[in-house]
Amino acid sequence: MLHSLSKNILLHQRNNFRNLICFQTLVPFSTSVTKDQPPHNSIIVNLLINSFGFTEGEAISVSKRLRFTVPPTNINRVPDLLKQSGFSDTHIKDLISRRPTFLSLKNETLKSKLDLLQELGFSGSALVDLIFKNPKIVESGINSCLVPNVKFLLSFLHSNENIVKALKRSSWLLSVNFSKTVGYNVEILRECSVGDKQISQLLLNSPRFFTQDPDRLKDHVSRAEKFGFKKGSASFIHAVCTLNNLSKDTLEAKFDMYKSYGWSESDIVSAFRKSPSFLHSSEQKIKATMDFFVGELGYDLKDIALKPNLFIFSLDKKLKPRYEVLKMLKSRGLESKCDFLSVAILSEKRFLKRCVLRYVEKAPELQEAYMGSSIRS
């Protein structure tokens with residue numbers, strides 16, 4: 001009987017010790033103790049202070065936000081693994097402060113996630129930056145989330161290098177629920193007759209576009225149609241992207257600004273249909289372009305409205321240098337009938353061929369003057 005009693009006492013002591021070093025979820029960010037919240041664990045708090053340099057208050061706050069049982073032996077295992085992947089003590093402390101659940105990760109699980117990211121092409125500072133921007137990546141399930149998401153991205157981006165580029169622009173691509181966001185938004189675009197090639201390009205250059213709420217994307221699609229863009233047309237996706245980047249208030253302010261220069265509603269809508277991205281121009285850019293073409297060169301507002309790309313091109317790096325070239329050609333009698341607006345919007349290759357290279361023998365200094373002014377600007 002004595003043996004049995006001493007065994008029960010020993011078992012009770014072990015359970016008490018286990019309760020001391022392991023604790024459960026508490027209300028986030030709260031340091032107050034209620035009847036539903038056991039007090040903070042002093043062993044864990046001391047480890048946080050001694051291992052990572054937390055103040056006592058910070059350590060208590062972190063300990064109260066751990067959602068899973070964390071044995072003290074695990075406190076340093078996760079940080080040690082992160083250090084091996086290039087994380088500094090400062091990074092690790094900040095990550096623990098933001099996401100205490102990091103300390104609950106199993107080493108094998110964390111290592112498999114880090115290995116996956118390194119296989120994609122993330123290492124050193126690039127790996128640190130990725131996880132630091134979106135810690136949820138290493139908290140997401142490797143088989144339920146990370147691997148399926150990578151496979152989906154690979155089906156559109158076709159290489160690990162492109163996946164890395166997209167993730168550097170939006171790390172959330174790895175941790176979102178693809179079926180409810182990215183995959184759903186891809187299907188919305190496909191239903192609008194947007195080809196996979198366009199989708200791939202958009203996914204590479206503007207990955208955040210695909211992480212938006214699908215209902216929001218549907219609204220952009222509906223508004224683009226109301227502006228007169230047809231599904232499947234080359235400009236449709238550009239219109240949707242423009243509407244995605246501009247709030248309704250901002251779009252209205254853009255319309256009001258163009259109207260203040262004398263454009264009608266139909267002028268603006270017509271220009272938008274020709275070049276959807278012209279609405280991205282800042283107020284300063286719009287004013288400078290209007291001042292140059294209308295104020296200095298004397299063009300009519302209606303003429304400018306027919307060439308909305310003028311608001312996209314750089315005034316100092318492209319438009320003004322081209323104007324100087326045309327002025328030099330006219331002064332030498334080489335181009336007397338060419339109108340500036342007709343060449344201002346040409347591609348760089350076509351402009352060089354049309355106005356510079358064809359006159360190299362008659363005006364050898366023309367190319368140097370044009371390239372020099374473009375570079376200096």
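Q: Which rings count as a pair here, and what cut-offs apply?
A: Rings of Phe, Tyr and Trp (its six-membered ring) pair if their centres lie within 6.5 Å; planes under 30 degrees apart are stacked, over 60 edge-to-face, and the rest tilted.

Q: Fine. Which residues do ring pairs link into a cluster?
A: Phe292, Phe293, Tyr299, Tyr323 and Phe340 are linked into a cluster by ring pairs.

Q: Before going on, what kind of model is this?
A: This is a predicted model, where local features need pLDDT of at least 70 and side-chain atom pairs pLDDT 80 or more, while totals for chains, interfaces and linings use all residues. Residues are numbered from 1 along each chain as its sequence is written, and side-chain values use heavy atoms, without hydrogens or water.

Q: How many helices and strands are in the chain?
A: The chain has 22 helices and zero strands. Both are DSSP runs numbered from the N terminus, helices being H or I of at least four residues and strands E of at least two.

Q: And how much of the chain is buried?
A: Of the 377 residues in the chain, 44% are buried. Buried is under 20% relative accessible area, exposed is over 50%, and partly exposed is in between (1.4 Å probe, protein chains only).

Q: What share of the contacts join residues at least 24 apart?
A: Taking contacts between residues at least 6 apart in sequence, 69% join residues at least 24 apart. A contact is heavy atoms within 4.5 Å.

Q: Back to the rings. How many aromatic pairs does the structure hold?
A: There are 19 aromatic pairs in the structure. One of them is phenylalanine 209 with phenylalanine 210, edge-to-face because the ring centres are 5.3 Å apart and the planes stand at 75 degrees.

Q: Are phenylalanine 209 and phenylalanine 210 buried or exposed?
A: Phenylalanine 209 and phenylalanine 210 are both buried.

Q: What about phenylalanine 293 and phenylalanine 340, stacked or edge-to-face?
A: Phenylalanine 293 and phenylalanine 340 form a stacked pair, with 5.8 Å from centre to centre and 15 degrees between the planes.

Q: Which parts does that pair tie together?
A: Phenylalanine 293 is in helix α17 (residues 283–296) and phenylalanine 340 in helix α20 (residues 340–344), so the pair ties together parts that are 47 residues apart in sequence. Phenylalanine 293 and phenylalanine 340 are each buried.

Q: New topic: helix α21. Which of its residues are buried?
A: Helix α21 covers residues 348–356, and its buried residues are Phe351, Leu352, Cys355 and Val356. Those residues are on the same side of α21 because they span an arc of only 100 degrees around the axis. The arc is taken over the directions from the helix axis to the C-beta atoms.

Q: Why would residues three or four places apart point the same way?
A: An α-helix has 3.6 residues a turn, so residues at that spacing point the same way.

Q: Then what does the face of α21 turned away from its buried side carry?
A: The exposed residues Lys349, Arg350 and Lys353 are on that face of α21.

Q: How many disulfides does the structure hold?
A: The structure has zero disulfides, a disulfide being a pair of cysteine sulfur atoms within 2.5 Å.

Q: On to the backbone. What is the phi of histidine 158?
A: Histidine 158, which is not a glycine, has a positive phi of about 70 degrees. Most residues other than glycine have a negative phi.

Q: Where is histidine 158?
A: Histidine 158 sits in the loop between α9 (142–157) and α10 (160–169). At 62% relative accessibility, histidine 158 counts as exposed.

Q: What about phi of serine 193?
A: Serine 193 has a positive phi too, near 65 degrees. Serine 193 is in the loop between α11 (182–191) and α12 (196–205), and at 48% relative accessibility counts as partly exposed.

Q: Last one: where is valine 45?
A: Valine 45 is in helix α2 (residues 42–52) and is buried, with a relative accessible area of 4%. The C-alpha atoms of valine 45 and glutamate 56 are separated by 7.1 Å, with the two residues 11 apart along the chain.
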